[in-house]
Each structure stands twice: as C-alpha cells, then as structure tokens.
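Subject: Structure handover

Hi,

Here is the structure you asked for. Please load it first, then read the notes below.

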2 protein chains.
Amino acid sequence: MEINANPQKIKETLERGVEEIVDKNHLEKQMNSGKQLRIKFGIDPTAPDIHLGHAVGLRKLRQFQDLGHKAVLIVGDFTTLIGDPSGRTTSRPPLNEAQIRDNMKDYISQASKVIDVKKAEIHCNSEWFKKEPMSFLMDLASRFTVARLIEREDFQKRLKEGTDVSMLELLYPMLQAYDSVACRADIEIGGYDQRLNFLFTRRAQKKFGQDEQDILMVPLLIGIDGSKKMSKSVGNYIRLDEEGNKMFTQLMAVPDSQMWNYFELLTDRPKKEIENLKEEILENKKHPRDAKMEMALEIVSMYRGAEASQNAKEEFVRVTQRGELPSDIPSVETGEKEINILDLLVKAGVAASKSEAKRLVVQNGVRLDGEVKNDWKETLKTKKGQIVQVGKSRFFKLN
Amino acid sequence: MEINANPQKIKETLERGVEEIVDKNHLEKQMNSGKQLRIKFGIDPTAPDIHLGHAVGLRKLRQFQDLGHKAVLIVGDFTTLIGDPSGRTTSRPPLNEAQIRDNMKDYISQASKVIDVKKAEIHCNSEWFKKEPMSFLMDLASRFTVARLIEREDFQKRLKEGTDVSMLELLYPMLQAYDSVACRADIEIGGYDQRLNFLFTRRAQKKFGQDEQDILMVPLLIGIDGSKKMSKSVGNYIRLDEEGNKMFTQLMAVPDSQMWNYFELLTDRPKKEIENLKEEILENKKHPRDAKMEMALEIVSMYRGAEASQNAKEEFVRVTQRGELPSDIPSVETGEKEINILDLLVKAGVAASKSEAKRLVVQNGVRLDGEVKNDWKETLKTKKGQIVQVGKSRFFKLN
C-alpha cells in the first residue's frame with residue numbers, strides 16, 4: 001500500500017484522541033518520509049472480551065493503517081503461559097496454550113470491527129522467547145538497573161506499603177521492552193497508563209542498538225459509571241460485541257460530562273461538528289440527551305450496523321421516554337413462590353450483590369408491576385408473568 | 001563411610017572456628033542421627049588462587065568429612081559464563097568455559113591440601129541451569145518478592161547512593177538459592193559475609209517443599225595487614241600454594257592481635273594448648289614472636305610439608321634474627337647503570353607503585369649493601385652483585 005502523507009490526515013491522526021506523543025517531531029518527520037512504519041500494539045491474551053476502552057487504541061491504530069502503515073499486533077502469550085502466583089494476581093491462574101489461542105481468536109474477531117486484521121502482522125511473543133535459554137533472560141537483565149525498574153510509582157507505592165511485588169513482575173517490563181526490539185517497532189500505540197513501560201522500552205531499544213520507537217498514548221476512556229477507567233474488573237464497561245439494544249442503553253447511561261470524550265474517541269464525527277453540538281446545547285437549542293443519542297446511534301452502528309442501531313434507538317425511546325415496556329423482556333425463573341426482594345434481584349442478575357440490590361431498593365429504583373418496592377426486607381409472593389422494573393430501562397418477567 | 005557421632009568431635013566441629021550456626025539444635029540432632037549429611041560448599045570459579053582465607057571454610061568442611069559426611073562442592077560456573085557488564089563488576093569480563101575449567105582444576109588441586117577431594121561430590125551449577133529455558137527463571141522469580149531481594153544492606157546502600165545495581169545481580173541470590181534445592185543440601189558451610197544469601201536459600205528450599213538447610217558460618221580471616229578481610233583484591237593474602245619461605249615470612253608478618261585467630265582457624269592445635277600459650281605470654285614466659293613461629297611452622301607444614309616448614313623457619317631466624325643474608329636471594333636485572341631508587345624498587349616488584357616505594361625509602365626501610373638510602377630522589381649507580389634490602393626480610397641482588 002502506498003503511504004499517505006497528506007498533512008491534514010497526519011495532523012488529525014496525531015492530534016485527535018491523543019494524550020501524549022514521544023517524540024512528536026520525530027514521528028511527524030517519519031510519517032512525512034513516505035516510509036512504511038511498523039506500529040506495535042500490545043494485546044493482553046487473558047481477556048477475550050474487548051470493550052470500548054480497548055477500541056480507543058485500536059481506532060488510533062486503524063488511522064495509521066489507513067495512512068498505509070503496518071500494524072504489528074503483539075500477543076503477550078509467553079508471560080501469560082507462566083502466570084504469576086504471587087502478589088496481587090494470586091487469583092489469576094496461568095493460562096494454557098489452548099485457552100490463549102481461543103482468547104486470541106475471540107480478540108481478533110472482535111478487533112476486526114475496528115482494524116483491518118488481514119493487513120496486520122500478528123506475533124505471539126513466545127515466538128522469540130520460548131526458544132531462548134535461561135541465559136538469555138540473564139543477559140537481558142544485565143542491561144538494566146534495579147533502580148530503573150523499581151522507580152515506577154506503582155512499584156514504589158507497593159514496596160513502601162509492604163505489599164509484595166514479585167520478582168517476576170519486575171521482569172515483565174524487560175520482556176515487554178524486548179518485544180519492541182524483536183518486532184523492530186517504529187511506533188508503539190497504547191494507553192497512557194502504560195507510559196512508564198513505553199519509555200522503558202525506548203531505553204531498551206537503545207541498549208540493543210536500535211532506534212527508539214516513538215510512542216503515541218491515547219487517553220483512558222472513563223467507564224459508564226463516569227468516574228473510573230473503563231475496565232472489566234470494575235464492571236463499568238461496554239463490550240464491543242454487545243447486543244445492540246443493550247449497547248445503546250449502556251451508552252445512554254454515560255454521564256453528560258463524559259459524552260464529549262466518547263464523541264471524540266469513539267466516533268468519526270468531525271471535530272467541528274462536535275463543537276457545534278456543544279454550542280447548541282449551551283444555547284439550549286438541543287437537549288443533552290438528544291446529543292447523547294446521536295453519539296450512541298453512531299457508536300452502535302459501527303459495531304452492530306446502521307439498522308440494528310436505529311432499532312435500538314427506537315426501542316430506547318419507546319421504553320424510557322414513553323414509559324412503554326420493551327418489546328423483548330427476559331424471563332427469570334425464581335423456582336419458589338416466595339422470595340426476598342434482594343435475593344430476587346441478585347438471582348435475576350440486575351444486581352451483583354445483595355448490598356447493591358439493597359441500594360437499588362431503598363433508592364426507590366425497583367418496581368413490581370409498576371408499584372415501587374422500597375422495603376428491602378420484603379418477601380415477595382411471586383406470580384408468573386409479573387414484571388420487575390429496575391431503574392429506567394431494565395426489565396425482567398417472572399416465570 | 002561410617003558416620004562418626006562422637007559427641008566430643010561433634011561439639012568441637014560445631015564450636016571451634018564458628019561464627020554462627022542456623023539452626024544449631026537442628027544441626028546437632030542431624031549429626032547425632034547417624035544419617036550422612038550433604039554439605040554444600042560454594043566455589044567461585046573466577047579466582048584460581050586459593051588463600052588461607054578460603055582455607056578456613058575448607059577446613060571446617062574437612063572436619064565434617066572426617067565425621068563421615070558428604071562434601072558437595074558447587075562451582076558457580078553458570079553465572080560466571082554470563083558475567084555482569086554493569087555496576088561495580090564492569091571490569092570483570094565473563095569467563096569462557098575453558099577458563100572456568102582451568103580455574104577449577106587449579107582450585108581442586110589446591111583444595112586437596114585441605115579436603116578429601118576424592119570423597120567429595122563436585123557439581124557445576126550449569127548442570128542444572130544450562131538446559132533450562134527462560135521460563136524456568138521466570139517461574140523461579142515468581143516465588144520471590146522484590147522486597148526480600150533488595151532488603152540486603154549492600155543493595156540498599158547502593159540503591160540509596162544511586163550506584164547502579166543491575167537486574168542480573170538481583171537474580172544471582174535466587175540462583176545460588178536454587179543450587180541448594182538442586183543438590184539437596186542438608187547444611188551449607190561458608191563465610192559469615194554470605195549470611196543473607198544463606199538465609200535466603202533456606203526460604204527458597206521451603207518454597208520448593210524441601211527441608212531448610214542448616215548453615216554453618218565461619219569467621220572472616222583478617223589478612224596480614226591486620227585490618228581487612230583476607231582477599232586477593234586487597235592484596236593482604238597468603239596463597240595456599242605459596243613457596244614455603246615466603247609463606248613463613250608472610251605468616252610472621254601477621255600482627256600479634258591476629259595470631260590467636262590464625263591458631264584457632266588454621267591449625268589443629270587443641271584449644272587447651274592455645275590457652276596455655278596465651279598464658280605463658282601473659283606471664284612473660286614466652287615471647288609472642290616465638291608463639292607466632294609455632295603458628296607459622298604448623299601452618300606451613302600443612303601445605304608444604306614438615307621439612308620445608310622447618311627449613312623456612314630456620315631461614316627466617318637466620319635472616320631476621322641473626323641479621324644474616326638469606327640463602328637464596330632473587331636477582332633483578334636493571335638493564336641500566338644508573339637508576340632512580342624508586343624506579344628500582346618498582347622494577348624489582350617490592351613496591352607496587354612509586355608512591356609505595358617512596359614511603360619505604362623515607363621510612364628508612366631501604367638499604368643498599370647495608371647502607372640506609374632515605375633520599376627518594378637519589379639516582380643509584382648500580383653494580384652487579386649489590387644487595388638491596390627492603391624492610392627486615394626482603395632482599396634482592398642487582399644483576
């Protein structure tokens with residue numbers, strides 16, 4: 001593919017949805033040179049579900065692909081095969097090769113909604129690490145100082161608190177750095193939270209006599225709770241292959257304060273148009289909810305198609321704005337004639353825990369056939385066909 | 001071989017020349033059990049010259065051999081093959097396998113003066129490390145915390161000072177610890193300066209489900225300068241295969257304050273007799289110099305034989321006490337008719353540097369044919385056959 005060095009395109013790629021670039025001048029020069037650049041993008045093989053938080057980096061990668069550059073996906077399978085029995089990751093058992101392969105297949109099929117997988121180079125880092133003897137790692141270790149590796153704020157904090165940091169964790173950044181050496185990366189794209197690892201990687205390349213990669217860091221997407229980075233463990237995430245209605249509803253739950261980030265990072269809407277939208281809202285010409293629906297419509301149609309997205313929007317309007325029941329309400333089998341309201345909500349999966357269920361109940365968020373139920377001690381006598389509504393948009397039917 | 005569980009022998013072995021034992025009760029029980037114990041003894045393959053400082057630990061090992069236990073010598077060749085280009089050891093290039101083999105041959109032949117090499121098991125740690133893939137080291141690393149590895153005072157000091165500690169150095173203690181796992185050590189013998197590594201090793205064995213080794217730490221022998229630990233790098237050492245006269249003279253240079261340590265750690269003289277000697281000196285019945293000669297006579301005869309030791313003693317007396325010339329004076333070829341006195345001393349090898357030579361001269365320590373030469377600027381007109389005396393016991397002849 002021809003390299004596109006259109007200054008406007010380059011400028012957009014390097015400015016929209018970018019937290020920091022090291023080193024920007026150098027990267028611009030490279031992009032103008034007409035040379036095809038190799039863009040490293042690290043993939044974690046432990047999490048098969050990709051969510052919109054991952055999409056931010058993948059979308060940036062796609063923009064480089066569109067300019068003709070080479071996406072190089074690096075699957076960190078080698079370290080995952082070993083696992084880390086110590087410290088904070090005690091609960092995460094090492095994955096076997098089959099699990100990793102499955103996760104990767106899922107990842108790639110989901111990522112193909114964003115990037116052009118066929119044009120990408122995909123490597124597992126076991127390719128270069130698996131065949132190496134123990135002395136390879138020792139040689140690698142001899143090139144780095146302890147001080148450089150433990151200066152990271154997260155390590156320092158844990159060391160000071162007396163929380164265990166396993167020696168293996170200290171080896172990981174060296175391996176991640178070597179990945180860039182092995183795949184001869186010109187740029188690396190990733191989240192801003194990886195900043196120290198990325199900078200460390202530049203030093204590693206220098207020690208191996210390579211040019212230092214440039215780094216393009218994307219901002220961290222805030223999840224639908226409006227406060228924390230979107231992540232699976234927090235539970236504030238939207239899956240990339242989520243069903244259309246649910247995805248739309250989830251996007252509508254994003255607080256207004258975050259809406260503009262979602263526009264910038266997850267849609268292709270031109271910056272100018274986003275600015276116009278903002279102005280319309282400021283001037284009360286548009287309701288923020290309607291702007292958010294435009295955002296949700298655009299994002300859902302990217303992943304589920306225009307028609308599904310349009311249907312999801314209509315369903316959302318019908319249920320939340322006109323107070324009608326959704327067209328398709330899931331059934332929940334209680335198995336008992338009487339059930340405590342908290343147990344029911346947990347069983348139905350609308351609350352992750354009894355304490356979350358209790359919060360929903362006391363906040364008047366739960367209705368049985370339209371009637372608010374705010375006594376969390378209540379034992380409900382259930383009848384088949386009764387409708388439970390939780391908040392504005394979640395419904396289930398008793399069976 | 002039958003295990004000797006003579007309580008008196010065991011008591012002597014565990015008390016004479018011992019700095020600390022962990023855990024002493026357990027070790028005693030083991031030694032009384034009649035079981036043959038495996039005693040790990042680490043050997044550094046970088047230094048072919050063994051000196052009396054090394055002999056202290058080797059002699060302790062020999063005592064265990066005499067009780068019927070199994071000496072297991074571990075040559076740390078694996079790490080030495082890799083070397084450590086960083087930090088303080090910059091100047092020490094990695095050794096190749098041939099060099100290590102040669103060093104080991106030298107080491108074993110010298111050590112055979114102290115231990116029964118034929119009955120010892122000798123392993124290079126490359127036996128178990130060389131075949132391992134990189135993931136082995138990662139698995140090992142996952143068992144240890146960073147805090148445990150950097151808590152060592154020497155590391156802490158260097159980290160605080162901003163002196164580089166290479167990541168490889170942090171891996172070494174794990175490897176040394178694994179050696180004990182691989183060779184199934186019941187006890188480890190070594191110098192007290194290795195205390196933290198030894199304790200760390202106990203933890204490692206536990207993590208691998210093995211019983212913790214006991215540790216017998218011997219004191220560090222002070223060198224002939226009377227102040228620093230005997231070591232090659234300080235230059236205050238006496239080689240185990242030193243020629244008899246020189247060894248005797250070097251032992252006589254040991255300060256009186258250190259004489260009793262040499263008796264205890266390097267001779268077989270019973271403790272009772274050493275106490276008697278001390279008393280005789282206190283009561284002025286014996287000159288300390290004569291006690292020291294007994295010490296030197298005994299040590300030299302261990303390594304050079306009784307006859308050579310006796311001759312060395314006589315030579316020493318003749319030269320230093322009766323002021324006679326030694327029977328065998330080395331010649332030095334000056335190659336010039338005139339030479340500055342400092343240059344001459346450096347050339348003859350009696351001073352390591354001009355500044356050391358200058359000190360000898362101004363302290364009236366240098367004579368030419370019996371006449372004190374204390375002007376360091378003097379240019380000597382040399383004649384063949386002239387005798388230069390430096391201090392009490394060093395002589396050379398001009399040629």
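**Strands in chain B**

E5(B) and E6(B) run parallel to each other and pair over five bridges. Keep in mind throughout that this is a predicted model. In this pairing, B:Gly190 stands opposite B:Met217 of E6(B). E5(B) also pairs with strand E2 (residues 38-43) of chain B, again in the parallel sense, over three bridges. There, B:Lys40 has B:Glu188 in E5(B) as its bridge partner.

Is strand E5 of chain B mostly covered or mostly open? Mostly covered: the strand spans residues 187-191, and five of its five residues are buried.

**A sheet in chain A**

Chain A has an open sheet of five strands. The order is E7-E13-E12-E9-E10, and the pairing is mixed. Which strands sit at the edges? They are strand E7 (331-332) and strand E10 (371-372) of chain A, and each pairs on one side only. In general, strands of a sheet pair through backbone hydrogen bonds, either parallel or antiparallel. Strand E9 (residues 366-368) of chain A pairs with E10(A) in the antiparallel sense, over two bridges. In E10(A), A:Glu371 is the residue opposite A:Leu368.

**How the two chains relate**

Chain B can be laid on chain A by a turn of 179°, with a shift of 0.0 Å along the axis. The RMSD is 0.3 Å. That is the relation of a two-fold axis.

Which surface does each copy use? 97% of the interface residues of chain B are also interface residues in chain A, so the copies meet through the same surface.

The contact count is 34 residues of chain B with 33 residues of chain A. Interface size is often given as the accessible area lost when the parts come together. Between chain B and chain A, the buried area is about 2,700 Å². Carbon and sulfur atoms give 84% of that area. Which three residues of chain B supply more than any other three? They are B:Met134, B:Met138 and B:Met167, with 30% of the area that chain B buries against chain A.

**Aromatic pairs and charges over rings**

How many aromatic pairs are there over all chains? A search of the whole structure finds 16. One of them joins B:Tyr178 and B:Phe208. This pair is edge-to-face, at 5.4 Å centre to centre, with 65° between the planes. It links distant parts of the chain, 30 residues apart. B:Tyr178 is in helix H10 (residues 167-182) of chain B. B:Phe208 is in the loop between helix H11 (195-207) and strand E6 (214-218) of chain B.

The two rings differ in cover. B:Tyr178 counts as buried, at 14% relative accessibility. B:Phe208 is partly exposed, with a relative accessible area of 25%.

In chain A, one aromatic cluster is formed by A:Phe78, A:Phe129, A:Phe136, A:Tyr178 and A:Phe208. A:Arg143 lies over the face of A:Phe208, 4.1 Å from the ring centre.

Chain B has a charge over a ring as well: the charged end of B:Lys358 sits over B:Trp376, 4.2 Å from the ring's centre.

**Individual residues**

Two residues of helix H1 in chain A come first. A:Ile10 is found in this helix, which covers residues 7-15. A:Gln8 lies in helix H1 of chain A too. A:Gln8 is partly exposed, with a relative accessible area of 46%.

Beyond residues up to four places away in sequence, A:Ile10 touches A:Ala5, A:Glu28, A:Met31, A:Asn32 and A:Leu67. The C-alpha atoms of A:Ile10 and A:Asn245 are separated by 35 Å, and the two residues are 235 residues apart along the chain. A:Gln8 and A:Phe396 are 50 Å apart in space, C-alpha to C-alpha, and 388 residues apart in sequence.

Last, B:Ser126. This residue lies in helix H6 (residues 126-129) of chain B. B:Ser126 counts as buried, at 14% relative accessibility. Leaving aside neighbours within four places in sequence, B:Ser126 is in contact with B:Asp77, B:Phe78 and B:Lys131.

Best wishes

Terms used
Residues are numbered from 1 along each chain as its sequence is written. Chains are lettered from A and ligands numbered from 1 in the order in which they are written. This is a predicted model: local features need pLDDT of at least 70, side-chain atom pairs count only at pLDDT 80 or more; totals for chains, interfaces and linings use all residues. Side-chain values use heavy atoms; hydrogens and water are left out. Copies are superposed by least squares on the C-alpha atoms of residues with pLDDT of at least 70 in both. Contact means heavy atoms within 4.5 Å. Two strands pair if DSSP finds at least two bridges between them. Helices (H or I, at least four residues) and strands (E, at least two) are DSSP runs, numbered from the N terminus. Rings of Phe, Tyr and Trp (its six-membered ring) pair if their centres lie within 6.5 Å; planes under 30 degrees apart count as stacked, over 60 as edge-to-face and the rest as tilted. Buried means under 20% relative accessible area, exposed over 50%, partly exposed in between (1.4 Å probe, protein chains only). A charge sits over a ring if NZ of Lys or CZ of Arg is within 6 Å of the ring centre and within 35 degrees of the ring normal. Buried area is the accessible area (1.4 Å probe) that two parts lose on being put together, summed over both.
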